[in-house]
There are 2 protein chains.
Amino acid sequence: MGDVFKALADPTRRTILDELVDRNGQTLFEICARLAMKHGLSSTRQAISQHLDVLEAAGLVTTRREGRYKFHDLDTSPLTVIAERWPIDRGPSDTTTETTETEP
Amino acid sequence: MGDVFKALADPTRRTILDELVDRNGQTLFEICARLAMKHGLSSTRQAISQHLDVLEAAGLVTTRREGRYKFHDLDTSPLTVIAERWPIDRGPSDTTTETTETEP
DNA sequence: GTGACAGGCAAGCGTTGACTTGCCTATGGT
DNA sequence: ACCATAGGCAAGTCAACGCTTGCCTGTCAC
């Protein structure tokens with residue numbers, strides 16, 4: 001299975017996820033069109049296709065075929081591993097007092 | 001400012017964050033030692049140093065100098081942008097009914 | 001059937017990224 | 001002063017990544 005973090009590393013892939021939030025179950029050509037319109041992205045169809053492969057390998061996108069169309073559905077559940085791995089936001093800490101400190 | 005997502009893309013950098021959760025305010029050599037011990041990572045000091053630069057540029061790590069030591073503190077607040085960008089976990093959806101669908 | 005449309009496969013290219021190597025600065029101990 | 005420690009700088013190597021190009025497969029409409 002692919003790496004969720006690496007899948008999120010590319011800005012274009014993140015924008016694709018944004019578009020799938022806006023409208024779920026889009027086809028490849030639909031996604032290409034919206035990336036070109038709403039964001040100024042002039043990427044090729046194959047480029048987007050490969051990005052979708054990465055997203056699918058990471059479990060962030062599921063696909064289903066119907067006739068000659070292939071619909072892409074968003075699945076954000078893999079994102080929970082990020083929120084659960086590190087304790088989020090104790091806030092930018094007060095750097096004067098509460099840090100653990102010993103001479104190495 | 002650096003990209004938080006790209007900073008998280010590398011497994012070694014994620015492990016460094018894990019170690020900083022375990023013990024905050026470590027020096028470069030401390031981190032190197034722990035990466036070698038607890039995880040089987042045989043990376044060079046410079047490699048880890050460059051990783052820390054990336055993490056610092058992403059705002060995930062803050063540094064403070066004291067004498068010849070440089071301590072590294074974790075700051076997980078940049079991670080909130082991930083949790084807030086996409087609606088997390090509607091769960092793997094039932095693929096038969098509730099998806100939006102129109103012929104393109 | 002023919003042609004337009006939606007998508008897939010694979011080789012190739014350019015760039016970025018992770019890592020090493022070698023040397024240099026600076027602080028602290030004795 | 002001397003030397004070991006903690007860290008920094010810069011060039012260079014090698015693999016992974018993003019993207020393009022070209023062609024091929026499958027589906028629907030007419």
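1. Strand β1 (residues 61-66) of chain B pairs with β2(B) in the antiparallel sense over 6 bridges; strands count as paired if DSSP finds at least two bridges between them. Helices (H or I, at least four residues) and strands (E, at least two) are DSSP runs, numbered from the N terminus. Within this pairing, B:Arg64 has B:Phe71 of β2(B) as its bridge partner. The hairpin leaves 2 residues between the strands, and B:Gly67 in the turn has a positive phi of about 65 degrees.

2. A word on the model before going further. This is a predicted model, in which local features need pLDDT of at least 70 and side-chain atom pairs count only at pLDDT 80 or more, while totals for chains, interfaces and linings use all residues. Residues are numbered from 1 along each chain as its sequence is written, with chains lettered from A and ligands numbered from 1 in the order in which they are written.

3. Chain A, for an overview, holds 5 helices and 2 strands, and from the N terminus its elements run α-α-α-α-β-β-α. Among the contacts in chain A with a separation of 6 or more, 53% link residues 24 or more positions apart; a contact requires C-beta atoms, placed from the backbone, within 7 Å.

4. Chain A has its own hairpin to look at. Here 6 bridges join β1 (residues 61-66) to β2(A), and the two strands run antiparallel. A:Arg64 is bridged to A:Phe71 in β2(A). With 2 residues between the strands, this hairpin has A:Gly67 at a positive phi near 60 degrees.

5. Next, the core. The largest nonpolar core has 32 residues, and A:Leu55 and B:Leu55 have the most contacts inside it. Such a core is a set of buried Ala, Val, Leu, Ile, Met, Phe, Trp, Tyr and Cys residues joined through C-beta atoms within 7 Å. Leaving aside neighbours within four places in sequence, B:Leu55 touches B:Ala7, B:Arg13, B:Ile16, B:Leu60 and B:Val61.

6. Finally, the DNA. Of the 22 residues around DNA strand D, A:Thr44, A:Ala47, A:Gly67, B:Thr27 and B:Leu28 come nearest; a residue is near if its C-beta atom, placed from the backbone, lies within 6 Å of the strand. α4(A) supplies the largest share of this surface, 5 residues. Around DNA strand C there are also 22 residues, with A:Thr27, A:Leu28, B:Thr44, B:Ala47 and B:Gly67 nearest, and α4(B) gives the most to that surface, with 5 residues.

Methods. A residue is buried if 20 or more other C-beta atoms lie within 10 Å of its own, exposed if 12 or fewer, and partly exposed in between; C-beta atoms are placed from the backbone. Two residues are in contact if their C-beta atoms, placed from the backbone, lie within 7 Å.
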